[in-house]
Amino acid sequence: MCAGWIAVTKRSDVDFDKVKDLIDPMYRDMDLPATIEYFNKFFVKSCPLQGSALEGATIADFGCGYGWLSFAFALNTKAKVIAMDIDASRVATGKEIAKLL
């Protein structure tokens, strides 16, 4: 059973201070765009499928947590990304982040 899924579209006016769960001290100083770029650099760009090979592909991220890897694929490829996690609070926070992207 999964707690939910996250949908992402790209936006340029990102204000991550609006994500209440990321106000937690552990995340307060986190550079979220840099975090997503880290996942892009080390996971998306190292994916064996690149460019047009990902067009129309579906990527499933089971156990996505807040969705960092999912966001990186969704924002940097033309693949459809499905992010799921059993932790409802992480999915809720991921959805808040996705609204800002």
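A salt bridge is a side-chain nitrogen of Lys or Arg within 4 Å of a carboxyl oxygen of Asp or Glu. I began my notes with that definition, and then I looked up where it applies.

**Entry 1: the model**

I noted that this is a predicted model, in which local features need pLDDT of at least 70, side-chain atom pairs count only at pLDDT 80 or more, and totals for chains, interfaces and linings use all residues. Residues are numbered from 1 along each chain as its sequence is written, and side-chain values use heavy atoms, with hydrogens and water left out.

**Entry 2: the salt bridge**

I searched the whole structure and found one salt bridge. In that salt bridge the side chain of Arg90 meets the side chain of Asp87, at 3.7 Å from N to O. For the surroundings I used relative accessible area, where buried means under 20%, exposed means over 50%, and partly exposed lies in between (1.4 Å probe, protein chains only). Arg90 counts as partly exposed because its relative accessibility is 30%, and Asp87 is partly exposed too, with a relative accessible area of 29%.

**Entry 3: the chain as a whole**

I listed four helices and three strands, which are DSSP runs numbered from the N terminus (helices are H or I with at least four residues, strands are E with at least two). Along the sequence their pattern reads β-α-α-β-α-β-α. The chain has 101 residues, of which 40% count as buried. I also looked at contacts, meaning heavy atoms within 4.5 Å: among those with a separation of 6 or more, 71% join residues 24 or more positions apart.

**Entry 4: Asp85**

I placed Asp85 in strand E3, residues 80-85.

I then looked for polar contacts, which are pairs of N or O atoms within 3.5 Å; within protein, one must be able to donate a hydrogen and the other to accept it, and residues adjacent in sequence count only if both atoms are side-chain atoms. The side chain of Asp85 reaches the backbone nitrogen of Gly65 at 2.7 Å, and a polar atom of this side chain lies 2.8 Å from the backbone nitrogen of Asp87. The backbone nitrogen of Cys64 lies 3.2 Å from a polar atom of the Asp85 side chain. I noted that Asp85 and Gly65 are 20 residues apart in sequence, while their C-alpha atoms are 6.0 Å apart in space.

**Entry 5: Thr77**

I found Thr77 in the loop between helix H3 (68-76) and E3, and it is buried because its relative accessible area is 15%. Its side chain reaches the backbone oxygen of Phe73 at 2.6 Å, and the side chain of Thr77 also reaches the backbone nitrogen of Ala79 at 3.2 Å. Leaving aside neighbours within four places in sequence, I recorded contacts of Thr77 with Val44 and Leu54.
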